[in-house]
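Hello, and welcome to my notebook. These entries follow what I looked up, one item at a time.

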Amino acid sequence: MKFFVDTADVAAIAELNDLGMVDGVTTNPSLILKSGRDILEVTKEICDMVDGPVSAEVVATDADEMIAEGRKLAEIAPNIAVKVPLTWAGLKTCKTLTDAGTMVNVTLCFSANQALIAAKAGATFISPFIGRLDDINLDGMELIADIRAIYDNYGYETNILAASIRSANHMKDAALIGADVATAPPGVIKAMANHVLTDKGLAQFLSDWEKTGQKIL
Ligand code: E4P
């Protein structure tokens, strides 16, 4: 499973990128707001740093304006994936941009039917939002499994990008189901390395080592 980082925080992306853990980046208007940066500037900086797809989201709601915004975002760098909402205008934009060779990430997906119609429109990525479904007592991971089954039934090439990931367990479950990509905040990716028994075991080893009176360096 590929790891995308869900942030517009350049320093946080750089830290994970140095460890080879960044296969791509996703942003959205809320993350741009959080960064306090200009969308075109910060997106260019991220595209220069990361080899994989960098999602940048349109904000228009009608198709013509959305297509124009998408084309402008696509000019930032060859690794831009234009992010469009799962609306009829978004699907029109998806078809127009993918036909022109631009990667498109169709976002705000909350049902298997939405994922199916996005694949028909040629989406490069479909972003089902796990956490936001869990928030309203629905099962986000069940949606990932349904989309996996449907895409595999018919050989759709649209990549399943598990989004709105809130925990390290979400990463594990998405990987078990077979999501192609998971996008997560930097803190969630780092939390995947944590285990209480690792901490306990290390404390014991260090305590015993001190008693030996030895040094390695
Ligand atoms: C992904 O592309 C989305 O921007 C993101 O995962 C949304 O996550 P949230 O529901 O935690 O805001």
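How far is an oxygen atom of the ligand from an N or O atom in the side chain of Arg-132? I found 2.6 Å for this pair, a polar contact (N or O atoms within 3.5 Å).

A note on my source: this is a predicted model, where local features need pLDDT of at least 70, side-chain atom pairs count only at pLDDT 80 or more, and totals for chains, interfaces and linings use all residues. Residues are numbered from 1 along each chain as its sequence is written, and side-chain values use heavy atoms, with hydrogens and water left out.

Next I looked up two other side chains. A polar atom in the side chain of Ser-164 is 2.7 Å from a ligand oxygen, and for Arg-166 the distance is 3.1 Å. I also noted that the protein covers 85% of the ligand's 340 Å² of accessible area on its own (Shrake-Rupley method, 1.4 Å probe).

Then I listed the surroundings.

Lys-83 is in strand β4 and Glu-57 in strand β3, 26 residues apart (strands are DSSP runs of E, at least two residues, numbered from the N terminus).

Terms used: Polar contact = N/O pair within 3.5 Å; in protein donor to acceptor, adjacent residues only side chain to side chain. Helix = DSSP H or I, 4+ residues; strand = E, 2+ residues; numbered from the N terminus.
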